[in-house]
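I opened my notebook to look inside this chain and then at its surface. Here is what I looked up.

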Amino acid sequence: MKPLSAFCFSLWATLNKSLACVVASLPGAVCGVAKVRHGWGHVCALRLASRPPAGRAASRGLVQRRLWLLPLLLALAWALPAQAARVKEVAAVQGVRSNLLSGYGLVVGLDGTGDQSTQMPFTAQAMANYLQQMGISLPPGTSAPQLKNVATVAITAELPAFAQPGQLIDVVVSSVGNAKSLRGGTLIATPLRGADGEIYALAQGNVVVGGAGASAGGSKVQINHLSAGRIPDGAQVERSVPTPLNDGETITLGLNASDFQMARKVAQAINARSGPGTATALDGRTVQVRAPVAPGARVAFIAELEELQLPDTTPAAKVVINARTGSVVLNQAVTLGPCAIAHGSLSVTISSTPVISQPNPLSQGQTVVAQKSDITIQQQGGQVLQVPAAPQLADVVRALNALGATPQDLLAILQAIKAAGALNAELEVI
């Protein structure tokens, strides 16, 4: 979408001819365009300055007839959104999806940081099965080898839509046993299977671990995580997954979030571009679109649909709370009604101090270490604060900051405000 200032200048260019006669009829008049910065974008304003003209009465009627377009210009410039979302950012074509793959394999070449075979017998069993596939069999009666440079791992990958045989995808390797580190290891050829049990890719390569660690004499230093790594382009696709993109006469767009208003706007934007009846909103999350049957034409049609601009829509008011981290996120539609809040805190502090009791000389007693505990309870009085109505997000933030509560306390306060009916938003705890 063009910037708002450019839009105003294009409108001014179309009005230039209409206002030319007005400017010409006012001697000494100077007509220009001034940009006024506003919080929502740029608003164009016409500036008309003139010296004392002659014959203004003769052109007064013409001025009144021509300048009626000025309010229309300003109204259009003010109402135009500064930025709009595209269809591809709010919806996706159903059926075009990725598939999850997983496998079980061995990482070899570790520097003594592999699984302990005595505690993880499946590591030795997996290694014996691999050697047997290579044509190597252990002599009868031989115990399983105690290997320290081998680790059993689980391999996961995501097979993207339209992936073809020969394409390379990334894989994630995670330790299954008690291996200390996978750093420097190599994953041997491992088949990756889908949910139907079929093999869709084959993984192999050097494991990249974004960490380091060392230990000696009971001391240990570790940076990041060592029991999981990644192999870029570590799997080769062996089988493609059919995608029903070209089946039928219609395609279905699935919205990222259920919203009847957004579904209606997506359908309206498609109908405005391709004609009435092309798109139909089936529910709050599904839009059915008639598309060309030819594969090439259908791909071009979908590409154009994804670039369609959608008018801005105010989302449903929602407050998302993370109870584990204390994070609170509010969107722009959250408002507060007038309410009164009292918030106090109770803290209990317990401190232990070791006390050593020494026996008297030659008393054959023993030294005793005891603990002396001190318990302190502090309670702060709760002051009743009046929170005014907050019609905008900035007012909501200002009102909540005035409480001076910690993020953990803010969770309970927001829940109480919602229960009292003063929080005009949906409260979601994750």
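I looked for cavities and found three of 30 Å³ or more. A cavity here is a set of points, on a 1 Å grid over the protein atoms alone, where a 1.4 Å probe fits but cannot get out. The volume is the space filled by probe spheres set on the points, which are joined across faces, edges and corners. This is a predicted model, where local features need pLDDT of at least 70, side-chain atom pairs count only at pLDDT 80 or more, and totals for chains, interfaces and linings use all residues. Residues are numbered from 1 along each chain as its sequence is written, and side-chain values use heavy atoms, without hydrogens and water.

Next I took the largest cavity, which holds about 50 Å³ of space. Its lining residues (an atom within 4 Å of a point) include Val 87, Ala 91, Leu 253 and Glu 306. I checked which elements supply at least two lining residues each: α4 (87-90), β4 (91-93) and α7 (295-306). Helices (H or I, at least four residues) and strands (E, at least two) are DSSP runs, numbered from the N terminus. I noted nine helices and 23 strands in the chain.

Then I turned to Tyr 104, found in strand β5 (residues 99-108). Buried means under 20% relative accessible area, exposed over 50%, and partly exposed in between (1.4 Å probe, protein chains only). Of the 430 residues of the chain, 29% count as buried.

Technical notes. 1 Å grid on protein atoms, 1.4 Å probe; cavity = no way out; pocket = protein on both sides within 12 Å on 5 of 7 lines; lining within 4 Å.
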